[in-house]
Amino acid sequence: MLKFLSKVKIEFNALDPRLPSCMEFLAQCNARKAKESNPACQLIVKRRTDDHPPQITVTFVNGVEEVFDATSTPAQTIRNMILEKGQLLETEQMFREAGETWPVIIPDEELNQPAPSIKFEFHI
């Protein structure tokens, strides 16, 4: 998960009952496998003393920043969203390295073509 990120900032008040998602996400970020996937990823933990809701901010390697409300978003959902966006980043990089344009634009006439039929034969 961290291999797609350059920075993770986790903010929470330790006395806030809404912090489980932050703590779980922090544990995932501190896991050996996650750290080994990107040792350069900066992990910032900000312990707050006000009523600001728990929040997780991630910065992707391409500079895009995304803020998650950790009061209503489970850590696993945040992780899955990061992995999905990371796969898109990898795909984009692969196309660019191959000299292809990104995003791939499919002409309307190709979108409207009927799909070829596939014939199945079952032998018993």
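Is Gln55 buried or exposed? At 19% relative accessibility, Gln55 falls in the buried class, where buried means under 20% relative accessible area, exposed means over 50%, and partly exposed is anything in between (1.4 Å probe, protein chains only). The structure is a predicted model, so local features need pLDDT of at least 70 and side-chain atom pairs count only at pLDDT 80 or more, while totals for chains, interfaces and linings use all residues. Residues are numbered from 1 along each chain as its sequence is written, and side-chain values use heavy atoms, with hydrogens and water left out.

Gln55 sits in strand E3; helices (H or I, at least four residues) and strands (E, at least two) are DSSP runs, numbered from the N terminus. Leaving out neighbours within four places in sequence, Gln55 is in contact (heavy atoms within 4.5 Å) with Lys9, Ile10, Glu11, Cys22, Val67, Phe68 and Ala70.

Strand E3 runs antiparallel to E4, and 5 bridges join the two; strands are taken to pair if DSSP finds at least two bridges between them. The bridge partner of Ile56 in E4 is Phe68. The two strands make a hairpin with 4 residues between them, and Gly63 in that turn has a positive phi of about 95 degrees.

In soluble globular proteins, nonpolar side chains tend to be buried together.

Helix H3 covers residues 75-97, which makes 23 residues. From first C-alpha to last, H3 reaches 33 Å, close to the 33 Å expected at 1.5 Å a residue; the expected span is 1.5 Å times one less than the number of residues. Which residues of H3 are buried? They are Ala75, Ile78, Ile82, Gly86 and Leu89. As a rule, an α-helix has 3.6 residues a turn, so residues three or four places apart point the same way. The buried residues of H3 pack against strand E1 (5-12), helix H1 (20-30), strand E3 (55-60) and strand E4 (65-69). Just after the helix, Gly99 takes a positive phi of about 80 degrees.

Then there are the charges. Side chains of opposite charge can pair when their charged atoms come close. The structure holds 8 salt bridges, each one a side-chain nitrogen of Lys or Arg within 4 Å of a carboxyl oxygen of Asp or Glu. One of them joins Glu90 to Lys3, with the closest N and O atoms 3.3 Å apart. This pair links distant parts of the chain, since Glu90 is in helix H3 and Lys3 in the segment before E1, 87 residues apart. Both ends are partly exposed: Glu90 has a relative accessible area of 38%, and Lys3 has 43%.

Arg48 and Glu11 also meet in a salt bridge, at 2.5 Å from N to O. Here too the pair links distant parts of the chain, with Arg48 in the loop between E2 and E3 and Glu11 in strand E1, 37 residues apart. Arg48 counts as buried at 16% relative accessibility, and Glu11 counts as buried at 5%.

In a further salt bridge, the closest N and O atoms of Lys85 and Glu66 are 2.4 Å apart. Lys85 lies in helix H3 and Glu66 in strand E4, so the pair ties together parts that are 19 residues apart in sequence. Lys85 is partly exposed at 34%, while Glu66 is buried at 17%. Salt bridges that share partners also join Lys9, Glu11, Arg48 and Asp50 into one network.

Lastly, Val45 belongs to strand E2 (residues 42-47) and is partly exposed at 29% relative accessibility. Apart from neighbours within four places in sequence, Val45 is in contact with Ile10, Phe12 and Leu26. Val45 and Leu26 are 19 residues apart in sequence, with 8.4 Å between their C-alpha atoms.
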